[in-house]
Amino acid sequence: MVQGVANWNTGETQEWLQQYVDDWVAFYRKHINDGSVATYIPELQKADPNDLGIAIIGKNGLSVRSGDTEIPFTLQSISKAITFIVACMDRGVSYMLDTVDVEPTGEAFNSIMHLEMKPVKKPLNPFNNAGAITVTSTLPGETSDERLEPVFQLLETMLGYRPELNVDVYESERDSSTRNRAIGYYLLEMDFLESDLDITLETYFKQCSIDVSIDDLARIGMILANDGMDPKNGEEIIPRQVARITKVLMLTCGMYDASGKFATYVGIPAKSGVSGGILAAVPPRVREEIMPFTDGCGIGVYGPALGDKGNSIAGIRLLRHIATQWDLSIF
Ligand code: DON
């Protein structure tokens, strides 16, 4: 329970908030040793496992940042949410829901077991690799750069600047992509892909390699929390229905085979990536007691030491603590 939050919009309140978040980040830093950085993409191995940072941006502009706030990292699987949004905006929601299902797999992000075990007509969801590569195959354009253009455009609209491709991570990802190529060939054989496999994979590796910050993730989360609308100017950036389905997928599939536990203990739509980023969208909620960010907020977390399911270990524990303290769960 947050004590002393009486004058929510005053500077005094923000000091209280800052102190709490600083203390929590300092505490959860100690949990970093329970995880380790991703090694299957050599470039990701260069991350400092001791880093941990969080940014929270509320609908009214109130923001709190703490820890290692200035370190860029690549979107990795968080990009799957962005490409799904772009594909829905381009092709329409019903087309995309015909292309990829919305069911959790309960399996690791790079598994294709569900495709083999069940007579499925489409990949089970857009957030595991099989579904994400299928979504990427629907993006329009001849080259990977053409296909990524609407992805960069959406990011630019949300962030107010155009993020950059991290070429070192992209090349590392591409050169260590045996599993994703295997998944791609399987999808090709199943006739799930809509366009050329090599260009689709190149696009997928690039979308994973876009550099962002925790502020960027918090901003995207805040827009999703606000049903796709930018609260600054009331502009609809993402159609409400697309924002809603994306949040459903974040909650049910965003943490892969840890999604059930995340929903139980944190209860916030969120999407993780192997670089250690987490994008979270906290919708507005009604609470009897005065709690921070009751009108919704976006949260960006960075902590490259990962647990065994490929999600930031300290980041998830920090989110769990904040969600408990501030009653952020949507349930
Ligand atoms: O497909 C891959 O291997 C990565 N580039 C993205 C995976 C990822 O971020 C999984 N999330 N935790």
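## Ligand site and cavity

Start with Ser77: one of its polar side-chain atoms lies 2.7 Å from an oxygen atom of the ligand. The model is predicted, with local features needing pLDDT of at least 70 and side-chain atom pairs pLDDT 80 or more, while totals for chains, interfaces and linings use all residues. Numbering runs from 1 along each chain as its sequence is written, and side-chain values use heavy atoms, without hydrogens and water.

Next select Asn180, where a side-chain N or O atom is 3.0 Å from an oxygen atom of the ligand. At Val274 a backbone N or O atom lies 2.9 Å from an oxygen atom of the ligand. On its own the ligand has 340 Å² of accessible area (Shrake-Rupley method, 1.4 Å probe), and the protein covers 99% of that area.

Then move to the largest cavity, with a volume of about 50 Å³. A cavity is a set of points on a 1 Å grid over the protein atoms alone where a 1.4 Å probe fits but cannot get out; lining residues have an atom within 4 Å of a point. Select its lining, including Pro104, Glu107, Asn125, Phe127, Thr252 and Tyr256. Both domain 1 and domain 2 contribute lining residues, so the largest cavity lies between them.

Key. On a 1 Å grid over the protein atoms alone, a cavity is a set of points where a 1.4 Å probe fits but cannot get out, and a pocket is an open set with protein on both sides within 12 Å along at least five of seven lines; lining residues have an atom within 4 Å of a point. Grid points are joined across faces, edges and corners, and a volume is the space filled by probe spheres set on the points. Domain bounds come from an automatic or database domain assignment. A polar contact is a pair of N or O atoms within 3.5 Å; within protein, one must be able to donate a hydrogen and the other to accept it, and residues adjacent in sequence count only if both atoms are side-chain atoms.
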